[in-house]
Structure formats: C-alpha cells, structure tokens
Amino acid sequence: MRKIGILTSGGDCQSLNATMRGVGKALYNIIDDVQIIGFHEGYRGLMYEDYHIMKKEEFSGILTEGGTILGTSRQPFKKMREPDANGLDKVEAMKNTYNKLGLDCLVVLGGNGSQKTANLLSEEGLNVIGLPKTIDNDLWGTDMTFGFQSAMDIATNAIDCIHTTAASHGRVFIVEIMGHKVGWLTLHAGIAGGADIILIPEIPYDIEVVAKAIKKREKAGKRFSIIAVAEGAISKEDAALTKKERKKKKEKEVKYPSIAYEIGAKIEELTGQEIRVTVPGHMQRGGSPCPYDRVLSTRLGAVAANLILNKEYGYLVGVKNGETVKIPLKDVAGKLKMVSPDSSIIKEAKLVGINFGD
Ligand code: F6P
C-alpha cells in the first residue's frame, strides 16, 4: 500500500480543496492500493500527530468549496528550528510522525514560507511534493499559483463597485489590495478595474507624483480618481532606508491603520480632495474558486499524483507557458517572484496612462 500525507499550510485561498481533490482523485485513479492521511492545520498537524485517514468520498463535492477541509495555520519557517513552548524539536517531531505513519510521500499545499519548510523536510530525507498556493502569485518557478485568479476577481469587483460611487461623488478613492511583499494582485486587479494610479512594493512611489497625477486628472475635468494600493506599497523615501531605520522612523510618525490611510491623509493634504479608503481585506481569500483556478488546481493535483506514482519526489509542481512543470524544491525555496518594474505589463499600463507614482 502507498501511504500519502497531505496538508494545507499558511494563509488559505479559494482553491485549496479543488487542488486536494485533484490529488486525491488522481491518486485513487492511478494507484490501486493507496491511503491518504490528512494533517490538520498544516504543519501543526504533522508536528503534533493531529490527522485523520481520509476517505475517498472526502475528495468529492469539494471542487467549488472555498477554504480548506483540513484547516490551516501559519508555522513560520524562521521558527522551525526553534523548540516549541514545551521544548519540542519541531523538525524532529514532523520527521517522527512521517516515519511512524510509514508515509511514502508528503504533499504540501502552501506558499513561500511553507515551501521553504517543504524543502527543509526534503533535505532531511522525507519524500515531499509541493503545490503552489497563494493569492499573491509570488512563488518562484511557476507562472501561476492557485488562488491568484480567484482573488483577482474579488479585488477587481471591489474596484468596479468603487467606480460607480466614485463617479457619482467626485472623490478620490483608495482601494487597498492584499500583498505585503509583491504587487501582482494589485497590478492585475488595478488594470482590470481601471484604476488611475497603481502603487506596488516593487515600484516605490513619490507622494508628490501621486498628488500631481490626481490634480492633472482634476484639471482635465475628471471628477474622480481611483488608486489601487498594495498592502506593502512603499514610498521612495522609506525604500531608501534600512529596515531598522524605517522602524525607527515609523515609531515617531503618526500611526495609520494601514498604508491606504497613510497615503489618503497625505493626498488630502496635498490636493485638498475628499478621500475615501476601502480595504476588502480577507474577502480576497474567500468564496469559491473561479473556473481558471479549478482547472489549474485539477491539473496540478493530477501531476502531483503522477509524480507519486513514479516515485519522483522533491519537486514543486507549477505551470510554465501553459504547460505543467516540476521544479526542484531546492530551486524554489527562499525565492520570491516579483513584478519587474521593466516588465512589458508595466510599460503597457503606463502607455494607457496608469500612474505608478514613480
Ligand atoms: O499570503 C497571502 C496573504 O493573503 C497576503 O496577501 C497578506 O498580506 C497576508 O496573507 C495576510 O495574512 P493573515 O491572513 O495572516 O492576516
């Protein structure tokens, strides 16, 4: 019998269940004698032996279900080598559970941090396969992560809704989109929603440039402006500082609930315009996966099962130019896929007049 462990780790997204379904259905379809063990709440379940043997039926009827039937939790990679509150060695504990259960492979549905831990476990001798989950689309080695397109639909819808009210009132609206480190979601939802200004971490902004762009629109007779800002957008001034210097500076400054409020206050001061802030927040990770994600998840899950059939381990399954690919976990671990300020999509957005505050 082949025994396969599976877990969902880190922030959730819409297509986790669809991906597990892909793995489960394909495993049952191509391997005669298989048992799938689902760990609860990500790596926590693997550490503390919290799991259940999944029935074949659990993989049915979950294609459209958001969230994760296994639950998830954040177990930061940087703390993996630190013992827990009771002195437990987390890595050893995970290895013990794996060996005790006699697993042939562990399938990890997770984003950047989770894949770093997947690689660590792989280096420790476990058979691991990673599947790229995140609404941020920032996993290196794959063109697309599952969850991104579904989150983009929601973020775009938020901007669409703001558009009608912004047009009625003639205000400046700021919509804050998820993404602390990268701006893929903000960039795509911003373009899809017709935002006038897009601010992302990869392109530090100058607030004077942003204010100027708003004034220019006003002069041109436009009654409103919409700014799509990523959670992690950063000013040129702050980007020039070290992390430590930035922290010190922030301690002295006025505290805002988030970047959108900070930018809003500064723009109000510089333009005199009425500002409104909208933060869709975790709504962006909620609800049903969009059709694109359902297809992607099914494909990625099927490839993972096929790798297990062929005993090929230590890979992240991804997609490149429309084709599914396997990328060594060691090549993926610790690398972020960021938006390049010189990429064609940025140039094209600028050609239609979108301002990036640079
Ligand atoms: O990594 C996915 C993500 O949704 C980011 O876009 C966001 O910055 C973060 O998770 C929020 O994390 P949490 O759910 O822990 O608040």
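Two strands count as paired if DSSP finds at least two bridges between them. Helices (H or I, at least four residues) and strands (E, at least two) are DSSP runs, numbered from the N terminus. Keep those in mind for isoleucine 197, whose bridge partner in strand 8 is isoleucine 227.

This is a predicted model, where local features need pLDDT of at least 70 and side-chain atom pairs count only at pLDDT 80 or more, while totals for chains, interfaces and linings use all residues. Residues are numbered from 1 along each chain as its sequence is written, and side-chain values use heavy atoms, with hydrogens and water left out.

- Strand 7 and strand 8 (residues 225-230) pair in the parallel sense over three bridges.

**Helix 6 meets helix 13**

- Helix 6 (residues 184-192) also packs with helix 13 (residues 344-351), at an angle of about 30 degrees and with the axes 12 Å apart.
- Leu187, His188 and Ile191 of helix 6 make this contact with Ile345, Ile346 and Ala349 of helix 13.
- By class, that gives five nonpolar, one polar and no charged residues. (Ala, Val, Leu, Ile, Met, Phe, Trp, Tyr, Cys and Pro count as nonpolar, Asp, Glu, Lys and Arg as charged, and the others, Gly among them, as polar.)

- Another open sheet has the order 3-2-1-4-5-10-11, and its pairing is mixed.
- Strand 3 (51-54) and strand 11 (323-328) sit at the edges with a single partner strand each, so one side of each has no neighbour in the sheet.
- From one strand to the next, the twist averages 25 degrees.
- Strand 10 (residues 315-320) pairs with strand 11 in the antiparallel sense over six bridges, and valine 317 stands opposite lysine 326 in strand 11.
- Helix 4 (residues 112-123) lies across strand 4 (105-110), strand 5 (128-132) and strand 10, running at about 165 degrees to strand 4.

**Around the ligand**

- Which residues are around the ligand? They are Arg74, Ile135, Asp136, Met178, Gly179, His180, Glu231, His282 and Arg285, where near means that one of a residue's heavy atoms lies within 4 Å.
- An N or O atom in the side chain of arginine 74 is 2.8 Å from an oxygen atom of the ligand.
- For the side chain of aspartate 136, the corresponding distance from an N or O atom to a ligand oxygen atom is 2.7 Å.
- Glycine 179 has a backbone N or O atom 3.3 Å from an oxygen atom of the ligand.

Technical notes: Axes fitted to C-alpha atoms, helices over the stretch in contact; angles between N-to-C directions. Contact = heavy atoms within 4.5 Å. Polar contact = N/O pair within 3.5 Å; in protein donor to acceptor, adjacent residues only side chain to side chain.
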